[in-house]
Amino acid sequence: MVKRPKIPLPLQRRVRQQCAFGCVFCGKPVFEYDHIIEYSKVKCHEFDNLVLLCRDHHGPKTHHCLNIDLLRAKRLNPYNRDKSISSPREFMAGNNPYMVIIGDNIYGVRISENIDESNFSALTIGDQNIISITFYREGGLIYSLPSINIRDENQETLVLVSQGEIQTYENDLRVGLQNWDISCANKTIVIRSAPRKILLSIEYNAGGFWLKRATLYDRQETITVNEKGVHFEQGGRISGQSHVGCLEGLTIC
Ligand SMILES: [Zn+2]
């Protein structure tokens, strides 16, 4: 079987712009690229045939339970259109920075007015970016997409979301539905490593992004995040930090 080529990056960006950086039905910022007419039929990546869908909406589409005309209409008028996180003017005034909360540590991100795309490292452990957020300025509005990289005890990648897109590897069975589950409901992204075992829980809305719960594995120890802060297995915690206008959030060396 011929390996299916990746969607070229400039085309991915156009599709994200068209879909206003989220699932066209519900706006969720963790998604997959979907071919409206299946790739196996068209055998190419075409702008008009590509759309962003979250996992909850991708399933019914794959099983032909979703009306194609409705999907096309949604693609032209996606959920997120005009639901920006803020207007640029409010950012210039500095009274409404995007808020990133890690446990109970608060970071206010001011997005530079003359940059179309910027990246904020929200949580870094060692040289590993665990969570970062990319901001896009599009038609005077600002949209945000998360990147999430979660590893297990053996430092093997468990979940990888790259600028909103769920990354799966056909040959890597560890990264598959049998081993983890990602869901977005009620403005919460939840990643489970097994039924009822929550690995990470993020709440987001137009003004911010809150990492409420997480279990993270450093080379040396287990780090847990909850509403009381960031806790280290071998003792110590980081709690109550608050910065506005910083370039990065929490870095653990
Ligand atoms: Zn959706």
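Predicted model: local features only at pLDDT ≥ 70, side-chain atom pairs only at ≥ 80, totals over all residues.

I started with D181 and asked: is D181 buried, exposed or partly exposed? I counted 16 other C-beta atoms within 10 Å of D181. Buried takes 20 or more and exposed takes 12 or fewer, so D181 comes out as partly exposed.

Next I checked where D181 sits, and found it in strand β10, which covers residues 181–185.

Then I stepped back to the whole chain. I noted five helices and 18 strands. Of the 253 residues, 31% count as buried. I looked at contacts between residues at least 6 apart in sequence, and 50% of those join residues at least 24 apart.

I found an open one of six strands, in the order β9-β8-β7-β6-β5-β18, with mixed pairing. Which strands stand at the edges? They are β9 (165–166) and β18; each has a single partner strand, so one side of each is left without a neighbour in the sheet.

I walked through some of the pairings one at a time.

- β5 (residues 117–125) and β6 (residues 128–138) run antiparallel and are joined by eight bridges. I picked out E117, whose bridge partner in β6 is Y136.
- The hairpin of β5 and β6 has two residues between the strands, and G126 there takes a positive phi near 60°.
- On pairing with β18 (residues 248–252), β5 goes parallel, over four bridges. Here I saw I125 opposite I252 of β18.
- β7 (residues 141–151) pairs with β8 (residues 157–162) in the antiparallel sense, over four bridges. R151 has T157 of β8 as its bridge partner.

A reminder to myself for when I look at side chains: in a regular strand they alternate between the two faces of the sheet.

Last, I turned to the inside. Which residues of the largest nonpolar core touch the most other members? I got L52, V100, I102 and L211, out of 54 residues in that core. The core takes at least three residues from each of domain 1 (9–76) and domain 2 (88–252).

Ignoring neighbours within four places in sequence, I listed its contacts, among them V15, C19, V24, F31 and Y33. R16 is also in contact with L52.

How values were computed:
Residues numbered from 1 in each chain as written. Pairing = 2+ DSSP bridges. Core = buried A, V, L, I, M, F, W, Y, C linked by C-beta atoms within 7 Å. Domains from an automatic or database assignment. Contact = placed C-beta atoms within 7 Å.
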